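This briefing concerns a single chain and is arranged by topic. The sequence and the coordinates are shown first, and the notes follow.

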Amino acid sequence: MLLSAFGSLLQLLYLAMLVLAVVAFVFAATAREDAYRAADKKKKSFWMVILGVAVAVNLLIPMLFLQLAGVVASIVFMVDVRPALKAVSGGGGGRSGGSSSDGPYGPYNGGR
């Protein structure tokens, strides 16, 4: 019973690594090439190859150390490259400009 529970946990871990790699690959594919240059990150083709290899390793060669390398690449893309791409592409979290002191009906200037 303990062995089957460990096997199930390992299968969930493999699935999570695959999903993370696929999501990172899709985000890398949908970003514009010039956004990578503007964010001063590696080229789009670099990230497409790295993340594509991560997806392929997860699907075809289930070797844990190779999958972990793919997870590291996917995490680096998701937490470093993707926010930089969003910042230069104008996708800054749903806010439409303005300052941090803007209220729901316009700027708040302290009663001045």
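Helices and strands are here DSSP runs, of at least four residues (H or I) and at least two residues (E) respectively, numbered from the N terminus. On that basis, the order of elements along the sequence is α-α-α-α-β-β, which amounts to 4 helices and 2 strands. The model is predicted.

**Confidence**
- The mean pLDDT of the chain is 86, and 80% of the residues reach at least 70.
- Among the elements, helix 3 has the highest mean pLDDT, at 95, whereas strand 1 (residues 102–103) has the lowest, at 64.
- Where pLDDT is low, predicted coordinates should not be read in detail.

**Packing of helix 1 and helix 3**
- The axes of helix 1 (residues 2–30) and helix 3 (residues 44–60) approach within 9 Å and cross at roughly 155°.
- Angles over 145 degrees count as roughly antiparallel, and helix 1 and helix 3 are therefore roughly antiparallel to each other.
- The crossing of these two helices is left-handed.
- Helix 1 contributes Met17, Leu18, Ala21, Val22, Ala24, Phe25, Ala28 and Ala29 to the contact, and helix 3 contributes Lys44, Met48, Leu51, Gly52, Ala54, Val55, Asn58 and Leu59.
- By class, the contact between helix 1 and helix 3 comprises 13 nonpolar, 2 polar and 1 charged residues.

- Of the 112 residues in the chain, 22% are buried.
- Of the contacts between residues at least 6 apart in sequence, 65% link residues at least 24 apart.

Conventions: Residues are numbered from 1 along each chain as its sequence is written. This is a predicted model: local features need pLDDT of at least 70, side-chain atom pairs count only at pLDDT 80 or more; totals for chains, interfaces and linings use all residues. Side-chain values use heavy atoms; hydrogens and water are left out. Axes are lines fitted to C-alpha atoms, for helices over the stretch in contact, and angles run from 0 to 180 degrees between N-to-C directions. Angles under 35 degrees count as roughly parallel, over 145 as roughly antiparallel, 65 to 115 as roughly perpendicular and the rest as oblique. A crossing is left-handed if the near helix is turned anticlockwise from the far one by less than a right angle, and right-handed if clockwise. Contact means heavy atoms within 4.5 Å. Ala, Val, Leu, Ile, Met, Phe, Trp, Tyr, Cys and Pro count as nonpolar, Asp, Glu, Lys and Arg as charged, and the others, Gly among them, as polar. pLDDT is the predictor's confidence in each residue, from 0 to 100. Buried means under 20% relative accessible area, exposed over 50%, partly exposed in between (1.4 Å probe, protein chains only).
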